[in-house]
Amino acid sequence: MSEIRLFVTTAEKKAGQVLDLLTEVFGEEDFAIATTEIDEKKDIWEASVYMMREDEDEVRLRVEEALKAFPDLTVEREVIPDIDWVAKSLEGLRPVRAGRFLVHGSHDRGRVRPGDIGIEIDAGQAFGTGHHGTTSGCLEVIDSVLRSRPVGNALDLGTGSGVLAIAVRKLKKIPVLATDIDPIATRVAAENVRRNGIASGIVAKTAPGFHSTAFAEHGPFDLIIANILARPLIKMAPKLAQHLAPCGSVILSGILAEQRWKVLSAYNGAKLRHVRTIWRNGWVTIHLDRP
């Protein structure tokens, strides 16, 4: 079934306003909302919402109703080809090193050297292979945290492919809860856990929000990793902090460099302390702790 993109074209400032409005309209529903720069010099941006074809009529009505506040904008439509873009984009990519980890596909098993912690992740339907700056940044900080601090359990929030949960479990034999709002992602994560020879210790759960009972059942957590996006990270700061154990650590990513101050402000407000920030290809990974 085809995916549909409904979008408007405007300037950066108004695109941001539309993004905020659509975020309020759709809340935590499973519709991706984004802005994209089309032409920097001409200040042309698109604000989009993505959905499956079966949801289009309902979503279009809600979008058009919300955009009555912007009568100069016209809602346009694009049918997105039914292609596994993740697999296509990763064709030919080499293994990635981050700290002691080597993230590789099944065709590169032979590149794992003595002393490497190999994580096998093939291109598939869930995000997170180690090639993106946010994932490799998280892997590096995970390595550092687990070397230097006592950690008895961990939460991988927005697990995607499960690569970060697998990294934690391979580095230290502690229980890990891996959650995602997408049931496909949790299924893929569970498959990758098995592919990496982990028979127990990682629980993969579909959890649309912190109201899920999974967090109370497995927490509080000594380490919480959330490689998502800046806006939801900011929104969830108070609830995330509630599930962090005393003296616990938090690793946040999916954050563009220019967004880091807003994220830090939200988590400072939740009484967490900034430890360090690392940079990867325009993205940052932030390590915080509870003093």
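A: In helix 10, which spans residues 260-269, the buried positions are Arg260, Val263, Leu264, Ala266 and Tyr267. Buried stands for a relative accessible area under 20%, exposed for over 50%, and partly exposed for values in between, with a 1.4 Å probe and protein chains only. Viewed down the axis of helix 10, these buried residues fall within an arc of 160°, so they line one face of the helix; the arc is that of the directions from the helix axis to the C-beta atoms. An α-helix has 3.6 residues a turn, so residues three or four places apart point the same way. On the other side of helix 10, the exposed residues are Trp261, Lys262 and Gly269.

The model is predicted, with local features requiring pLDDT of at least 70 and side-chain atom pairs pLDDT 80 or more, while totals for chains, interfaces and linings use all residues. Residues are numbered from 1 along each chain as its sequence is written, and side-chain values use heavy atoms, leaving out hydrogens and water. Helices (H or I, at least four residues) and strands (E, at least two) are DSSP runs numbered from the N terminus.

The cover over the buried residues of helix 10 includes helix 8 (230-235), helix 9 (237-242), strand 12, strand 13 (273-280) and strand 14 (283-289); contact here means heavy atoms within 4.5 Å. Helix 10 is followed by Lys271, which has a positive phi near 70°. Strand 12, one of the covering elements, comprises residues 244-256 and contains Cys247. Cys247 is not a glycine, yet its phi is positive, at about 65°. With a relative accessibility of 59%, Cys247 counts as exposed.

The next part to consider is strand 9, where 5 of 5 residues are buried. Val176, Ala178 and Asp180 are buried on one side of strand 9, and Leu177 and Thr179 on the other. In a regular strand the side chains alternate between the two faces of the sheet. Strand 8 (residues 154-157) runs parallel to strand 9 and is joined to it by 4 bridges; two strands pair if DSSP finds at least two bridges between them. Ala154 has Val176 of strand 9 as its bridge partner.

Asp180 belongs to strand 9 (residues 176-180) and counts as buried because its relative accessibility is 12%. UniProt, in an unreviewed entry, places the feature "binding site" at Thr135, Gly158, Asp180 and Asn227; such positions are given in the numbering used here, feature names are shortened, and annotations may be inferred rather than shown by experiment. Apart from neighbours within four places in sequence, Asp180 is in contact with Gly158, Thr159, Gly160, Ala185, Thr186, Lys205, Thr206 and Ala207. A polar atom of the Asp180 side chain lies 2.9 Å from the backbone nitrogen of Gly160.

Asn227, another position in that UniProt feature, is in strand 11 (residues 221-227). Its relative accessible area is 11%, so Asn227 is buried. The side chains of Asn227 and Thr134 make a polar contact at 3.3 Å; a polar contact is a pair of N or O atoms within 3.5 Å, where within protein one must be able to donate a hydrogen and the other to accept it, and residues adjacent in sequence count only if both atoms are side-chain atoms. In the loop between helix 7 (213-218) and strand 11 lies Pro220. The peptide bond joining Gly219 and Pro220 is cis, with omega of about 0°.

Elsewhere in the model, an open sheet of 4 strands has the order 2-3-1-4 with antiparallel pairing. Strand 2 and strand 4 (76-80) stand at its edges with a single partner strand each, so one side of each has no neighbour in the sheet. From one strand to the next, the twist averages 30°; axes are lines fitted to C-alpha atoms, for helices over the stretch in contact, and angles run from 0 to 180 degrees between N-to-C directions. Strand 1 (residues 3-10) and strand 4 run antiparallel and are joined by 5 bridges, and Ile4 has Val79 in strand 4 as its bridge partner. Helix 1 packs on the sheet, touching strand 1, strand 2 and strand 3, and makes about 165° with the direction of strand 2. Helix 2 (residues 56-66) lies across strand 1, strand 3 and strand 4, at about 140° to strand 3.
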